[in-house]
Amino acid sequence: MKKIFTVILLASVAIAARSQQSNPQLHQLEQFIQEQGYAVSHTQSTGTERGIAHQWSALLSAYIIHPQSAIDSTMSEAALRRIVHQYDSINHLRRQHLTQALDSIRTTFARLGKDASESYLYEYHKDGTDTIKYSLAFRRDDGALRTYRYNNSVYFNNAGEVALFDYTRRDDSDGWGATDWGYYSHLYTIPNDTWDDMQPFDHAAFEALIAPKLKNAKKLKGAKAYPVYWRHDEGFNDDVGPNGNLVGKTVRQSDYVPNSHYGLTTGTLYFIPIQHEAEAKALYRQIDSLAHSYVDSHPEQYYTYTFSSDFRYGNLRDMLRGQDIKGDASYDLKTLADDNGFYILSINTKGELWIPRDWPRLKSYINGEIVYQKGMKPKEKK
């Protein structure tokens, strides 16, 4: 009886999550940021006793290059004018999009500040150096907010909705450019009273759900499915530098900073050739829809789902990650597109997830020993 009651309660939480709305003015801001050319990601996740969390985030960056970096003392006056005009045009466009985004952020935070439970606006501008730190929060009930300050920023621990913006601009020391960097985050949580009943992500049930779609995709001409086997034993010294920076050819660490830990990843890599672009993108939308429906129906499981509508070219996109918080197992559904075609990774990891650099062409990776799929080994340079 307790189990039946728990299922009913969890279903009611999922319905409540869909019915409650976060701040519409922040969503208007996020749409405007996207219109300026900056990607806004949206994730939905459990795994915190505060509830089901929705987060929207964006990185606003621009590098403004001064024309002297391309000027040669032997240039004619006409060539010099052309270069200056070219750089000025590029920098103007970059600055215009960034300025419009900043103005909209400034206006939105100021307007919402008067209605927020607590708000904080900090700006400092001097000699080409700009610093902006905004934060605001809406409490979920009448309880007091728990806040803390760090480096002129204010953070909130127990709010129902929080928005933050951190921006800096500095001229390079050599005087040849300026770097703008800004980070926007909007977090909205929906209470979850089922924390004690949380369960590990049921990867077997989810994989069975998407299996028919992936099976149909394998019928496309040239489509393949390859087994994945990546092993990184504890104590194995590879070529990964601090914080996962690539300094060699072996592997990159994707999720954890210490690079001496054990991880075994198995699963399947699905590949669809580039000529089947329409079918691949239709498959993406189908799997994405199934993933979203699954997590919405299972708020009792640990997961992070990323909203997206298409493959990302050149970089792995996370669609779904399921976790066993009490253990060290995880499931990942990731996608990628390149000039050859479209890739879908459905993998399970015991320990830490390490991803080999040349993973789309590998049959296996074991502590630096690489075995390529048949016909996939790159040609050696002479």
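**Confidence, fold and a surface patch in the predicted model**

Among the elements of the protein, mean pLDDT is lowest in helix 1 (residues 2–19), at 38, and highest in helix 4 (residues 203–217), at 97. The structure is a predicted model, and the mean pLDDT of the protein is 83. A value of 70 or more is reached by 78% of the residues. Residues 1–19 form a stretch in which pLDDT stays under 50. For these residues the model has 15 contacts beyond four places in sequence. Over residues 243–249 the pLDDT is also below 50, and this stretch has 14 contacts in the model beyond near neighbours in sequence.

The protein contains five helices and 18 strands. Its length is 382 residues, of which 43% count as buried. Among contacts with a separation of 6 or more, 65% are between residues 24 or more positions apart. The accessible surface of the protein comes to about 20,900 Å², and carbon and sulfur atoms account for 51% of this area.

A nonpolar patch on the surface is formed by Leu 59, Trp 181 and Tyr 183. Together, the three residues have about 280 Å² of accessible area. Of these residues, Trp 181 is placed in strand 8, which covers residues 177–190. Trp 181 counts as partly exposed because its relative accessibility is 38%, and the partly exposed class lies between the limits of under 20% for buried and over 50% for exposed.

Terms used: Residues numbered from 1 in each chain as written. Predicted model: local features only at pLDDT ≥ 70, side-chain atom pairs only at ≥ 80, totals over all residues. Heavy atoms only, no water. Patch = residues over 30% accessible without salt bridge, like charges linked within 9 Å, V, L, I, M, F, W, Y side chains within 5 Å. Areas by Shrake-Rupley, 256 points an atom, 1.4 Å probe, with all protein chains shown as cover. Salt bridge = Lys/Arg side-chain N within 4 Å of Asp/Glu carboxyl O. Helix = DSSP H or I, 4+ residues; strand = E, 2+ residues; numbered from the N terminus. Buried < 20%, exposed > 50% of the residue type's maximum accessible area, 1.4 Å probe, protein only. pLDDT = per-residue confidence, 0-100. Contact = heavy atoms within 4.5 Å.
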